Amino acid sequence: MTQWGTAGNGNGQFNAPAGLDVDSDGNVYVADTFNDRIQKFSSSGDYLTQWGTTGSGDGELTDPFDVAVHGATAFVTDHACSRIEAFTTTGTFVAQWGLTLCQSGAGPGQFRFPEGIATDASGSVYVTDTGNGRIQKFDGAGVYLTEWPAPDSARFNNPMNVATSEAGQVLVADTGNHRVLVFNADGTKAGVLGGYGSGDGQFVFPSGLAVGPNGDVYVTDQNNHRVQVFMPAETPTRRSTFGQLKRRFR
């Protein structure tokens with residue numbers, strides 16, 4: 001185990017870091033939210049590079065909340081500017097999605113304070129469009145594909161984060177509803193984890209999500225001050241849902 005970082009704005013320091021991701025080489029990318037930048041580290045915590053300055057122009061950031069890496073591209077939710085920005089993994093600006101000049105909107109491909117972001121094996125990008133209470137799905141070039149909730153789906157209340165599994169499912173921290181929703185890649189609901197409470201398998205404002213290589217699901221149970229881990233169901237007929245609580249950490 002290791003750790004790195006102290007409060008500040010120097011290289012390797014942080015101010016309210018939020019989301020992070022790890023690439024196939026083990027490099028770690030951190031959304032250093034209140035420093036308006038992304039920092040990149042080796043797997044052992046050695047500082048490598050950073051990008052982003054405060055603003056609304058191309059390659060600038062205002063309260064970046066999360067980062068997701070797929071291949072040679074890093075996708076960032078530029079929270080306060082209600083957009084997604086794409087960079088190379090060395091920090092070169094590639095593109096942005098959403099309205100310009102920090103404007104928010106509710107149309108397809110528009111955002112209102114997006115927070116979480118994740119990619120799947122095919123390169124599709126999933127965004128928790130938090131202020132609009134929905135998930136939007138794009139291809140890797142930023143072309144809008146679909147969104148949910150849909151009529152056969154489920155309503156969100158302040159969705160904060162999203163993760164994908166190797167099985168192709170999409171998990172959403174439906175924070176205000178104190179649960180994690182599991183979807184298939186087409187947006188149809190496949191299962192539910194949790195419900196309000198402090199018992200095993202319950203949540204009070206779940207926020208962060210991650211899926212391990214063995215399919216275990218890790219959830220930061222924010223107001224219960226713990227992390228809970230769930231294992232996938234073992235029977236083939238239940239692979240689209242999740243089984244019992246595996247472990248919790250305080």
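Asp36 is buried in this predicted model, with a relative accessible area of 8% (buried means under 20% relative accessible area, exposed over 50%, partly exposed in between, with a 1.4 Å probe and protein chains only). Asp36 lies in the loop between strand E2 (28-32) and E3. Strands (E, at least two residues) and helices (H or I, at least four) are DSSP runs numbered from the N terminus. The phi of Asp36 is positive, about 55 degrees, although Asp36 is not a glycine. Phe113 also has a positive phi, near 55 degrees, and is likewise a residue other than glycine. Phe113 is found in the loop between E8 and E9. Its relative accessible area is 40%, so Phe113 is partly exposed.

Residues are numbered from 1 along each chain as its sequence is written.

Ser42 sits in the loop between strand E3 (37-41) and strand E4 (47-51). Ser42 counts as buried, at 12% relative accessibility. Beyond its neighbours within four places in sequence, Ser42 is in contact with Trp4, Gly26, Asn27, Val28 and Leu48 (contact means heavy atoms within 4.5 Å).

The structure holds 1 disulfide, defined as a pair of cysteine sulfur atoms within 2.5 Å. The bond joins Cys81 to Cys102, with an S to S distance of 1.8 Å. It links distant parts of the chain, 21 residues apart. Cys81 is in the loop between strand E6 (73-78) and strand E7 (83-88), and Cys102 in the loop between strand E8 (93-97) and strand E9 (117-119). Cys81 is buried, at 0% relative accessible area. Cys102 is partly exposed, at 33%.

The C-alpha atoms fill a box of roughly 45 × 45 × 30 Å along the principal axes. Of the 250 residues, 52% count as buried. Among contacts between residues at least 6 apart in sequence, 38% join residues at least 24 apart.

Terms used
This is a predicted model: local features need pLDDT of at least 70, side-chain atom pairs count only at pLDDT 80 or more; totals for chains, interfaces and linings use all residues. Side-chain values use heavy atoms; hydrogens and water are left out.
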